[in-house]
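Please read the points below beside the sequence and the coordinates.

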Amino acid sequence: MSFTSLLFIFGFLPLSWLASCAWTKKTSVQNVILLLLSLLFYAWGSIQNLYILLILIVWNYCSGLQLEQTQDMPRKRRLIFWSSVLYNVAVLAFYKYIGFWFGSILPQTQNIHAPIGLSFYTFSILSYLADLYLNKCPAQKNVVAFGLYVSFFGKLTMGPISQYTDFEQYLKHRTISKDRFAHGMDLFLKGLVKKVFFADQLALVFAAMGNDSSFLGAWLLSLAYTFQLYYDFSGYSDMAIGIGYLFGFEIPKNFDHPYIAKSVQDFWRRGISLYPRGFAIMCIFPLAEIAYPKKSIFATF
């Protein structure tokens with residue numbers, strides 16, 4: 001189910017808000033409702049993909065509890081942590097690259113496709129495990145709250161990737177004021193306009209001009225692709241953050257007008273960071289800190 005579909009805009013989103021926010025103010029009840037709605041949102045595209053998501057939620061929830069229970073057993077704790085990390089990475093690698101690795105030998109593997117959003121929720125899980133191992137947060141003992149962190153439909157399929165320590169407080173308590181609701185609607189509508197009226201239309205222009213090899217055509221093709229990519233990322237990011245505000249979550253902004261950057265580093269921080277930098281900060285750096293606790297080179301990134 002896409003954020004831009006009529007079913008989502010006029011059906012799923014308003015009904016979800018009424019069911020989880022207007023009906024009750026109790027955060028624990030809202031969490032249960034939002035988790036069920038998020039699983040329904042994900043299963044809408046493929047029920048098989050839902051099984052993978054549920055397995056990863058249960059596996060990593062149990063791993064988190066084990067990590068907290070083995071605080072006084074460093075060797076066993078380290079084994080549990082790296083086993084969990086390798087399991088998650090193996091699942092991601094299998095679905096992402098099995099066809100590439102073995103497609104020529106086993107043609108049937110080319111029909112194996114990665115579940116939508118697999119990278120996003122795998123990185124979110126790795127962020128949780130790393131924060132827990134480094135004692136930056138306690139283990140989440142409520143499986144509903146942990147499941148909601150991993151699968152909240154506002155960020156499940158297209159991101160942004162949220163660090164667990166940023167998201168944790170909203171699993172315990174969150175409020176929805178008129179100002180926050182209005183801000184969320186404003187962001188969602190702005191993102192919708194960017195996606196539907198700019199990104200999708202520029203994609204049509206790009207497709208129509210694909211065979212134009214003239215000098216002017218090449219420039220127009222390049223500009224169409226550049227701005228289509230920008231409005232696509234920016235639109236989805238705004239919609240996701242807006243949905244978060246509607247339900248009481250603050251999802252960090254991670255796409256900030258990269259085309260007005262004054263340097264390569266600024267460009268990376270504003271836009272390209274959407275995936276690699278977010279992944280590095282939340283997953284690679286903490287994992288490196290765990291593997292090489294005496295090294296500080298990563299802190300200078």
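1. Contact, as the word is used throughout this note, means heavy atoms within 4.5 Å. Helices (H or I, at least four residues) and strands (E, at least two) are DSSP runs, numbered from the N terminus. The model is a predicted one, in which local features need pLDDT of at least 70 and side-chain atom pairs count only at pLDDT 80 or more, while totals for chains, interfaces and linings use all residues. Residues are numbered from 1 along each chain as its sequence is written, and side-chain values use heavy atoms, with hydrogens and water left out.

2. On the overall fold, the chain has eleven helices and zero strands, and its pattern along the sequence reads α-α-α-α-α-α-α-α-α-α-α. Of the 301 residues in the chain, 48% are buried, where buried means under 20% relative accessible area, exposed over 50% and partly exposed in between (1.4 Å probe, protein chains only). Among contacts between residues at least 6 apart in sequence, 72% join residues at least 24 apart.

3. The packing of helices deserves a careful look. Two packed helices are described by the angle between their axes and the distance between the axes. Axes here are lines fitted to C-alpha atoms, for helices over the stretch in contact, and angles run from 0 to 180 degrees between N-to-C directions. Angles under 35 degrees count as roughly parallel, over 145 as roughly antiparallel, 65 to 115 as roughly perpendicular and the rest as oblique.

4. For H5 (residues 118-133) and H6 (residues 143-151), the axes come within 9 Å and cross at roughly 130°, and the two helices are therefore oblique to each other. On the H5 side the contact involves Tyr121, Ser124, Ile125, Ser127 and Tyr128, which meet Phe146, Tyr149 and Val150 of H6. By class, this contact of H5 with H6 has six nonpolar, two polar and no charged residues, given that Ala, Val, Leu, Ile, Met, Phe, Trp, Tyr, Cys and Pro count as nonpolar, Asp, Glu, Lys and Arg as charged, and the others, Gly among them, as polar.

5. H4 and H5 pack at an angle of about 170° with their axes 11 Å apart, and they are therefore roughly antiparallel to each other. The residues in this contact include Phe81, Asn88 and Leu92 of H4, together with Thr122, Leu126 and Leu129 of H5. The contact of H4 with H5 divides into 14 nonpolar, four polar and three charged residues.

6. H4 itself bends by about 50° at Lys96, the bend at a residue being the angle between axes fitted to the seven residues ending there and the seven starting there. Among the buried residues of H4 are Arg77, Ser84 and Asn88. Asn88, which is found in H4 (residues 74-102), is buried with a relative accessible area of 0%. Leaving aside neighbours within four places in sequence, Asn88 is in contact with Leu56, Asn60, Thr122, Ile125, Leu126 and Leu129.

7. Which residues have the most contacts inside the largest nonpolar core? They are Phe8, Phe152, Phe153 and Phe247, in a core of 64 residues, to which H5 gives the largest share, ten residues. A nonpolar core is a set of buried Ala, Val, Leu, Ile, Met, Phe, Trp, Tyr and Cys residues joined through side-chain atoms within 4.5 Å. Beyond its neighbours within four places in sequence, Phe153 has contacts that include Phe3, Phe8, Leu34 and Phe247.

8. Leu34 belongs to helix H2 (residues 27-43) and is buried, with a relative accessible area of 0%. Not counting residues up to four places away in sequence, Leu34 touches Ser20, Leu148, Phe152, Phe153, Arg174, Phe247 and Phe249. Ser20, in helix H1 (residues 6-22), is likewise buried at 0% relative accessible area. The C-alpha atoms of Ser20 and Gln30, ten residues apart along the chain, are separated by 4.9 Å.

9. Glu68, in helix H3 (residues 47-69), is partly exposed, with a relative accessible area of 24%, and the C-alpha atoms of Glu68 and Ala139, 71 residues apart along the chain, are separated by 6.1 Å. Asn135, in the loop between H5 and H6, has a positive phi of about 60° although it is not a glycine. Most residues other than glycine have a negative phi.
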